[in-house]
Amino acid sequence: MKLKLDIDPDIVAMMAAEVAAGERAVTAAMREAGTELKTAWRTQITSAGLGPRLANSIRNQNFPRSGESLDAAALVWSKAPVIVGAHDTGPLIRSKIGFWLAIPLPAAGKSLRGGRITPGEWERRRGLRLRFVYRRTGPSLLVAEGRLNTKGQAVVSRSKTGRGKVTASIFLLVPQVKLPKRLDLARDADRALDSVPGLIVANWVEAKL
């Protein structure tokens, strides 16, 4: 017995059209899911009071970069992964050299490089020496003898009489700090993942209409 199979050209065209529709649907769904996740993470960060600059570090990229594919994917990430990750996990932070963590107080001012100033940078800039003050019932301190300027920052006192001279607390010293968990990025990632099948169906149906 010999069997002969003839494939109707119309069926081939229908199959090709269905594959193309699937590629469009999957690609569109992944783009939507990636955009929604980026928006959700940015909203979380700003709602946690971490500022728009950190929120804008969240980016997304679609693959393939152009064209459509059944294997389309979306990547959502942060350009500041260490900072975002710390607020997402709430880690216990210790000094790298095993001593104290120096937390700047208002009298310390800001670093010229942005962010928190270190004791070494503070001494170099202010021309003052820091003095260690141990406290049994609270965090120990690094203090300096000087005066407070109009910004409330400690600077060298030029007074010959000692007028206005104060002992200013510049840094709190603690052995470790537990950073509070302020973000839940996995929650939004799971929601985005769960939405993908529905987005694929919606885009597939829309493509047929």
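Buried residues, those under 20% relative accessible area (1.4 Å probe, protein chains only; exposed is over 50%, partly exposed in between), make up 33% of the 209 residues in the protein chain. The model is a predicted one, in which local features need pLDDT of at least 70 and side-chain atom pairs count only at pLDDT 80 or more, while totals for chains, interfaces and linings use all residues. Residues are numbered from 1 along each chain as its sequence is written, and side-chain values use heavy atoms, with hydrogens and water left out.

The protein chain has five helices and nine strands, taken as DSSP runs (helices H or I, at least four residues; strands E, at least two) and numbered from the N terminus. From that end on, the order is α-α-β-β-α-β-β-α-β-β-β-β-β-α.

A look at the interior comes next. In soluble globular proteins, nonpolar side chains tend to be buried together. The largest nonpolar core holds 14 residues, of which W41, I45, L50, L54, V84 and L183 touch the most other members; such a core is a set of buried Ala, Val, Leu, Ile, Met, Phe, Trp, Tyr and Cys residues joined through side-chain atoms within 4.5 Å. Two or more residues each come from α1 (9–47), α2 (52–55) and α5 (185–208), and α1 gives the largest share, three residues. Leaving aside neighbours within four places in sequence, I45 is in contact (heavy atoms within 4.5 Å) with L50, G51, L54, A55, I58, V84 and L183. Apart from this core lies another, of 13 residues, among them A108, L130, A154 and A168.
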